[in-house]
Amino acid sequence: MSESGTSGGINSEVYMQQDSEGIDCSTLLGAFDTVRSRSRWLTDVLEIEDYGLQPMPDASPAKWHLAHTTWFFETFLLKPFAPSWRPLNERYEYLFNSYYNAVGAQFPRTRRGDLSRPTVREVLAYRDAVDDAMRELLLRSGNSVDVAQRTVLGLNHEEQHQELILTDLKYAFGQNPLLPAYAHAHVGPRRAAQTLSWTEHPGDVFEIGASVHSIGSNPRCFVFDNETPRHRVLLEPFALADRCVTSGEWLAFMADGGYSSPELWLSDGWAWLQSPGALRAPLYWHRNDGGWFEYTLAGEREIDPDAPVTHISFYEADAYARWVGARLPTEAEWEVMAERHATPSPNYLDERCLHPRSSAGPGTGPRDLLGNQWEWTSSPYGAYPGFRPAAGALGEYNGKFMCNQLVLRGGSCATPQGHVRPSYRNFFYPPNQWQFTGVRLARDL
């Protein structure tokens, strides 16, 4: 989920039938308050110094996430639909626009950490003012399809940024020699990993992608435009691993020279591995007194060999798959399996165990396909047959990012529960590691 959407991450329009029947915008008030309150809950435990941290260009300060998600509601709902709305500061349109060129210029992404002003107090006052105006708008908008659709899109957009708040904070805290813990995180119980097994699939012609939903009054009846249209794919027989690769298995890969064997690596991956500062272990891993430790949002801990390995780049995932004589799944293979086998994982943001963990107890078929951690696929992020981005600024949400990125599936321990589904498409660049990204293997039959 990049900032552009699915952490993952989001898109151009809410793809639901434009049928005003049954729509009452006031029914969205509860969902609006729930989502907006969760962002405050995630950040209220921070110290004031934490809000402005931007340790790398891909990460944004928590203060900026709080302001940008507010800017979204102001820009796409209050300005066009609330005639009495008066912006608190006209310059916020420039400061907190992420990438919408049709809206106007944007403050450079790489310099968001330079903004000591507006202060945290001013950003929170901005949120409060927009929240009050949004509640009034929802109460008086009746059956407005435009207001309902844009509100639902804004809520899903904010949930993506809630995941980014956590992953960006983890990167910031993980670079601090003190390795501070994030107050809302806790360490989950250790569980023995199940023996790696495979679920076979016979192949054939299948449909993937999301169908159009009716909006009704349920904000969960929503899909991003990049999940549509539903279309047919041909799959050859394949098998999918019933769990993700563990940290113990990754240690064996490292011990066998996995990071120093060029025959395992794509050319771009090997070049990335030779670049200054490239790691020879997953992000947040380090060796100490002869053992391996990792930083988690709950603090530093010894590597759990049974837990899924996480914070892996696509290049690393692909090299590991080659090492074991397997491959990464395509997104179509992953989705077809998820439609048959996906059940909600017990590990989402709501559980506050902000680290992937092994499944509890025996199971049949692929486990934890939704939640726990994002899973790399071998599929380039592109448009489905028949995809057309919507006109206007909201059309920039997903379509313009369909270049040079790979698809990830499934959601993570930092994803709000109910946010993901089998058709959900996240996308990142091959070297990216700071999201909760892991490896599920596939193989040909």
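**Ground rules**

The model is predicted, so local features need pLDDT of at least 70 and side-chain atom pairs count only at pLDDT 80 or more, while totals for chains, interfaces and linings use all residues. Residues are numbered from 1 along each chain as its sequence is written, and side-chain values use heavy atoms, with hydrogens and water left out.

**Overall picture**

The protein has 9 helices and 14 strands. Both are DSSP runs numbered from the N terminus: helices are H or I with at least four residues, strands are E with at least two. Along the principal axes, the C-alpha atoms fill a box of roughly 65 × 50 × 40 Å. For 445 residues, a compact globule would have a radius of gyration near 22 Å, and the protein agrees, with 22 Å. That radius is taken over C-alpha atoms, and the globule rule is 2.2 Å times the number of residues to the power 0.38.

How much of the protein is buried? Of the 445 residues, 58% are. Here, buried means under 20% relative accessible area, exposed means over 50%, and partly exposed is in between (1.4 Å probe, protein chains only). The protein exposes about 17200 Å², and carbon and sulfur atoms supply 50% of that; the areas come from the Shrake-Rupley method with a 1.4 Å probe, and for residues only the protein chains shown count as cover.

As for charge, there are 39 positive and 54 negative ones, and their mean positions are 2 Å apart. Lys and Arg count as positive, Asp and Glu as negative, with His and the chain ends not counted. Each charge is placed at NZ of Lys, CZ of Arg, CG of Asp or CD of Glu.

Strand 7 (residues 285–288) and strand 8 (residues 291–296) run antiparallel and are joined by 4 bridges; strands pair if DSSP finds at least two bridges between them. R287 sits opposite W292 in strand 8. The two strands form a hairpin with 2 residues between them, and D289 in the turn has a positive phi of about 55°.

Two cis peptide bonds are worth a look. One joins R117 and P118, with omega about 0°, and P118 is in the loop between helix 3 (92–95) and helix 4 (120–140). Another joins T228 and P229, with omega about -5°; P229 lies in the loop between strand 4 (213–214) and strand 5 (231–235).

R352 has a positive phi of about 65° although it is not a glycine. R352 is partly exposed, at 34% relative accessible area.

**Aromatic pairs**

Rings of Phe, Tyr and Trp (its six-membered ring) pair if their centres lie within 6.5 Å; planes under 30 degrees apart count as stacked, over 60 as edge-to-face and the rest as tilted. By this rule there are 31 aromatic pairs. Here are two of them:

| Pair | Centre distance | Plane angle | Type |
|---|---|---|---|
| F32 and F73 | 5.3 Å | 80° | edge-to-face |
| F253 and Y259 | 5.6 Å | 55° | tilted |

F32 in helix 1 (residues 29–44) and F73 in helix 2 (residues 62–81) are 41 residues apart, so this pair links distant parts of the chain. F32 is buried at 0% relative accessible area, and F73 is buried at 0% too. F253 is buried at 0%, and Y259 is buried at 5%.

Ring pairs also link residues into a cluster, whose members include F32, W71, F72, F73 and F76.
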